[in-house]
Amino acid sequence: MSQIALPAFHMPFQSTGCNPGIEETREAAWEWAESNDLALSPVARKKMIRTRPELWISLIFPTASQQHLDLFCQWLFWAFLVDDEFDDGPAGRDPRMCEAAIDRLVTVLDGGPPRGAMEQALVGLRTRTYRDRSARWIRQFRRDTVAWLWTYYAEAVERAAGQAPTRTEFVKHRRDSVAMQPFLDLHEITAGIDLPESARSLPAYIALRNAVTDHSGLCNDICSFEKEALLGYEHNAVRLIQRDRGCTLQEAVDEAGGQLAEIAQRVQRAEKELIEEIEAAGIQGPTRAALERCVRDYRGLVRGDFDYHARAERYTRPDLVEVDERESLSEHFAA
């Protein structure tokens with residue numbers, strides 16, 4: 001078990017509970033994986049069980065319908081398979097292997113023919129998600145998903161070059177790499193909204209999304225640093241603080257905890273500024289209601305993400321990490 005004491009985190013937002021469909025969505029996720037030939041190895045299966053994607057999705061979408069909950073959980077299951085492949089597997093250490101794999105996933109997301117189980121599963125997710133969505137929403141979701149995928153290539157190149165980002169550079173990188181932005185897009189589906197480009201362009205709306213995403217990324221890094229240290233993974237905010245300051249790991253964790261509290265304050269400030277901008281722009285009707293829905297729901301999303309990291313063994317039990325020593329992509333990614 002961990003020898004590092006986590007700080008007492010400041011969390012100003014109340015829990016909105018857990019979706020009662022959690023167990024049904026867990027079963028649906030594993031059935032979906034099997035039906036898509038994503039039969040996990042014993043090690044990968046244990047890792048996914050400890051990850052509990054159904055818990056995260058049920059905490060951040062507590063009122064979603066069972067249909068939406070299942071779809072979003074299957075996206076998350078798929079994303080965790082991607083994450084483990086590029087964080088822990090050989091593709092994260094070989095830029096050419098990483099580039100080829102990500103290029104294939106992006107091609108399939110854009111409508112190209114699939115090769116292999118992961119790409120075939122992506123076709124099904126894309127088809128179900130894009131149904132009845134506007135072109136502008138699809139552009140946003142595509143942009144956010146592709147930006148997330150290519151962060152793995154950036155990290156693989158820096159690893160190969162023996163480089164690490166500065167803390168300032170890493171904040172921008174982490175905003176994409178934590179993969180929260182696509183799930184903020186998926187929120188619009190369950191909320192029954194479709195923001196126009198004008199609303200997405202509001203400075204405070206952008207600031208709110210960024211603050212929500214930054215909170216998730218830093219919370220993840222604080223809870224992942226021991227696991228990632230065992231894997232020699234340097235793209236972690238706690239590790240970068242420790243390296244830059246030359247401090248102890250405990251001091252780095254404490255500083256990161258203080259930063260997390262500051263980000264929560266940024267969320268609150270962006271909420272207030274967004275309401276002011278709605279008034280200043282004279283936004284009314286469905287667009288105003290949609291933006292106000294985002295303000296309400298994003299608070300619960302931040303709290304749900306925070307609670308998840310305190311409960312899933314993926315983050316609470318770094319002693320259970322098993323090092324991946326494969327030299328090729330998993331069978332799911334192979335053509």
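Buried means under 20% relative accessible area, exposed over 50% and partly exposed in between (1.4 Å probe, protein chains only). The views below come from a predicted model, where local features need pLDDT of at least 70, side-chain atom pairs count only at pLDDT 80 or more, and totals for chains, interfaces and linings use all residues. Residues are numbered from 1 along each chain as its sequence is written, and side-chain values use heavy atoms, leaving out hydrogens and water.

**View 1. Asp110 and Arg142 form a salt bridge.** Their closest N and O atoms are 2.7 Å apart; a salt bridge here is a side-chain nitrogen of Lys or Arg within 4 Å of a carboxyl oxygen of Asp or Glu. Asp110 sits in the loop between helix 5 (95–109) and helix 6 (117–130) and Arg142 in helix 7 (residues 135–161), so the pair ties together parts 32 residues apart in sequence. Helices are DSSP runs (H or I, at least four residues), numbered from the N terminus. Arg142 is partly exposed, at 30% relative accessible area, and Asp110 is partly exposed too, at 45%.

**View 2. Arg314 meets Asp83 in a salt bridge (3.2 Å, N to O).** Because Arg314 lies in helix 15 (residues 313–316) and Asp83 in helix 4 (residues 66–88), this pair ties together parts 231 residues apart in sequence. Both Arg314 and Asp83 are buried. Asp84 joins Asp83 and Arg314 in a network of salt bridges.

**View 3. Leu55 lies in helix 3 (residues 53–60).** With 0% relative accessibility, Leu55 counts as buried. Setting aside neighbours within four places in sequence, Leu55 is in contact (heavy atoms within 4.5 Å) with Ile22, Tyr308 and Arg311.

Technical notes. Helices (H or I, at least four residues) and strands (E, at least two) are DSSP runs, numbered from the N terminus.
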